[in-house]
Amino acid sequence: MELAGIGAVLFDMDGTLVDSDAAVERAWERWAAEYAVDPAAALAIAHGSPADRTIRRLLPALDDSAVVAAAARQLALQYDDLSDVTATPGAHELLNALARLRLPWAVVTSADARLAEARLGAASIKAPVLVTVEDVSVGKPDPEGYLRGAALLGVPVGRCLVVEDAEVGLRAGRAAGAMTAALKGLDGDLRLRDLAQLAHQLESTPSTP
């Protein structure tokens, strides 16, 4: 993959910049118990997707108002569960590298603004541009969030690198027309063991004139 042409980086949040997997799983397990849903079924499809999309798949008989209420309850279970939320390995190293390289970056997340700001704060990360589920009409795997992130940074999406740890997010990045970097053994244009690897590769790549 040619990194020299990268003009901006668009990050997913949960599992990518922020290690919140345990908190996400606790919230879905509690929600599943309240709504009589198999927690394993919920966890199998929840990661990286907006809560309402996951709930529609788990409980297709719910009407729109019930889905909204169920999604609000799911998010409410996550807001104050920050005790073990931290930055992922290499996250701060990569963000420092982006600053040195003067590469703009944004966070594009399926969380709402309150949850995103809480988790990023717990990880000591301040996003210069934040696109949440409240900023789009359709969540991942739709490309709207990544297209919006690129537009807010003023960088053509084809020159953006989307960094993700979930297939639903990688699908969104590909659909947007961005290059993709994948964590957790997933397939992207670039496969990463951690974010420090991306920092090293970007800093060792000659910049384009």
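## The largest pocket

The lining of the largest pocket has eight nonpolar, one polar and four charged residues. Here Ala, Val, Leu, Ile, Met, Phe, Trp, Tyr, Cys and Pro count as nonpolar, Asp, Glu, Lys and Arg as charged, and the others, Gly among them, as polar. This is a predicted model, in which local features need pLDDT of at least 70 and side-chain atom pairs pLDDT 80 or more, while totals for chains, interfaces and linings use all residues. Residues are numbered from 1 along each chain as its sequence is written, and side-chain values use heavy atoms, without hydrogens and water.

The pocket's 13 lining residues include Asp-52, Ala-71, Ala-72, Leu-75 and Val-133, which lie nearest its centre. A pocket is an open set of points on a 1 Å grid over the protein atoms alone where a 1.4 Å probe fits, with protein on both sides within 12 Å along at least five of seven lines; lining residues have an atom within 4 Å of a point. Helix 4 (64-76) and helix 3 (51-58) each supply at least two lining residues. Helix 4 gives the largest share, five residues. Helices are DSSP runs of H or I with at least four residues, and strands are runs of E with at least two, numbered from the N terminus.

## Strand 4 and its partners

Strand 4 (residues 105-108) runs parallel to strand 1 (residues 8-11), joined by three bridges. Strands pair if DSSP finds at least two bridges between them. Strand 5 (residues 130-131) also pairs with strand 4 in the parallel sense, over two bridges. Val-107 stands opposite Phe-11 and has Leu-130 as its bridge partner in strand 5.
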